[in-house]
Amino acid sequence: PSQGYYTRRGGVGESGDFITSPEISQVFGELIGIWYISEWMAMGKPKTFQLVELGPGRGTLTEDILRVFNQLASVLSKCDVSVHLVEVSPKLSEIQAVMLTGGKVHPNPKDKSAYMNGVGKTGIPIFWYRDIQDVPPGYSFYLAHEFFDALPIHKFQRTEKGWREVLVDINPEVPDQLRFVLSPSRTPATQNFIQPEETRDHVEVCPEAGVIVQRLASRIEKDGGATLVADYGHDGTKTDTFRGFRNHKLHDVLSAPGTADLTADVDFSYLRKMAQGRAATLGPIKQREFLKNMGIDLRLQVLLQNARDTATREQLLHSYDMLMNPKKMGDCFNFFALLPHHRLVHPDKKDKPESKSPLPPVAGFNELLLK
Ligand code: SAH
């Protein structure tokens, strides 16, 4: 809590340790904003919703989404929208406050479980929390972009004697350096987190992500809404993905703890399992397919036409390439959604399949159709 990376450093952005899609291009956040509006429409335009973002970084993604909400104010006109940010880093919450409210925030609002609140530039109320459990219940659209990869993992290695947990130890020979050791016997984690049908020899599990997905799925089941998760990850196939980044370069995860971003690929098959059938799941689908379905090419064309100079045009093309190129972020980043079951299948479909109009497809995972 006091020496951790996000408490002390938390360097998202060009001048920090790693760069994320919303920091590369405004188009990314705009298309995600459109995803929420499209789902809000498909779900019958409820009168109120909360936009809940987990780990908002510098607040750029929220800012881009709120700009879209403002541009489409006539569509959202009668809807009461509020923003709820789940952020543990004091430093990043300050940066978010400046980005979203111009710094006009109040600590510890009396009537809320939030630790800070303020009003966004377009008049939308914004609240900050340390834990998803503090966010009030209610119809909500959740967002987790490069959030789950930041949570701690357990590592396991298959050995001749069975599964062993990979633990972190102090290296007695080198000061300020840690080392990996194998547990001498099975640990409680090896018993709880390795599936009997596991075929890999090395496995990483993020139980905290599992607990959060359980909470999200329960909330969606009870109060309605949807969750969009975007992160680099795999569908239960990869093995050793735990890495450190500092100043945009790979950094040994075992040296100078607390000074580098530590990250592990998200296992979407685990997230799907942890939804426990309470919510339906879609994906993972590659970022380049999701963004293409959301209309990124059309948006790029409009921005290119409106660009005043060559430098802006080049910048637009460069950031498009970063997001979409399979060798850059296009293939390794994935989108995954949790939705109420009735969003995908009519509750009475089995009895009277012909009596209902078809449900609109979920944008991003299919082509966007805005009616
Ligand atoms: N979504 C942003 C930032 C990603 S970095 C972007 O894409 O640019 C990860 C974010 O999660 C940071 O804001 C970090 O402070 C936050 N974070 C890390 N661990 C967290 C936890 N346990 N609870 C809440 N937020 C956390």
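1. Helix H11 (296–306) and helix H12 (310–324) each contribute at least two residues to the lining of the second largest cavity in this predicted model, and H12 contributes the most, with four residues. The space in this cavity comes to about 50 Å³, and the residues that line it are Ser25, Val27, Ile296, Leu300, Leu316, Ser319, Tyr320 and Leu323. By class, that lining consists of six nonpolar and two polar residues, with no charged residue.

2. The count of cavities of 30 Å³ or more comes to two, and the largest cavity holds about 130 Å³ of space. Its lining is made up of 18 residues, and those nearest the centre of the largest cavity are Ile153, Cys206, Asp265, Val266 and Asp267. Strand S10 (202–205), strand S15 (266–267) and helix H9 (268–274) are the elements that give two or more residues to this lining. Charged residues are present here, for the lining of the largest cavity divides into 10 nonpolar, two polar and six charged residues, whereas the lining of the second largest cavity has no charged residue.

3. Turning to the open spaces, the second largest pocket has a volume of about 400 Å³. Of the 18 residues that line this pocket, Phe18, Ile19, Tyr232, Phe245 and Phe333 lie nearest its centre. Two or more lining residues come from each of strand S12 (243–246), strand S14 (261–263) and helix H13 (326–330). The lining of the second largest pocket comprises eight nonpolar, three polar and seven charged residues.

4. Which residues are closest to the ligand? They are Thr20, Gly55, Gly57, Glu87 and His145, within a shell of 19 residues that surround the ligand. By class, this shell has 10 nonpolar, five polar and four charged residues.

5. A polar atom in the side chain of Thr20 lies 2.6 Å from a ligand oxygen atom, and an N or O atom in the side chain of Glu87 is 2.5 Å from an oxygen atom of the ligand. Gly57 takes part through its backbone, with an N or O atom 2.9 Å from an oxygen atom of the ligand. The ligand taken alone exposes 570 Å², and the protein buries 93% of that area.

6. As for the chain as a whole, there are 14 helices and 17 strands. The radius of gyration is 21 Å, close to the 21 Å that the globule rule gives for 371 residues, so the chain is as compact as a globular protein of that length. Taken along the principal axes, the box filled by the C-alpha atoms is roughly 65 × 55 × 50 Å.

7. Two local backbone features deserve a look against the displayed structure. The peptide bond between Gly283 and Pro284 is cis, with omega about 5°, and Pro284 lies within strand S16 (residues 280–286). Glu146, in the loop between strand S6 (140–145) and strand S7 (154–159), has a phi near 50°, which is a positive value in a residue other than glycine. For context, most residues other than glycine have a negative phi, and most peptide bonds are trans.

How values were computed. Residues are numbered from 1 along each chain as its sequence is written. This is a predicted model: local features need pLDDT of at least 70, side-chain atom pairs count only at pLDDT 80 or more; totals for chains, interfaces and linings use all residues. Side-chain values use heavy atoms; hydrogens and water are left out. A residue is near a molecule or strand if one of its heavy atoms lies within 4 Å of it. A polar contact is a pair of N or O atoms within 3.5 Å; within protein, one must be able to donate a hydrogen and the other to accept it, and residues adjacent in sequence count only if both atoms are side-chain atoms. Accessible areas come from the Shrake-Rupley method with a 1.4 Å probe; for residues, only the protein chains shown count as cover. Ala, Val, Leu, Ile, Met, Phe, Trp, Tyr, Cys and Pro count as nonpolar, Asp, Glu, Lys and Arg as charged, and the others, Gly among them, as polar. On a 1 Å grid over the protein atoms alone, a cavity is a set of points where a 1.4 Å probe fits but cannot get out, and a pocket is an open set with protein on both sides within 12 Å along at least five of seven lines; lining residues have an atom within 4 Å of a point. Grid points are joined across faces, edges and corners, and a volume is the space filled by probe spheres set on the points. The radius of gyration is taken over C-alpha atoms; the globule rule is 2.2 Å times the number of residues to the power 0.38.
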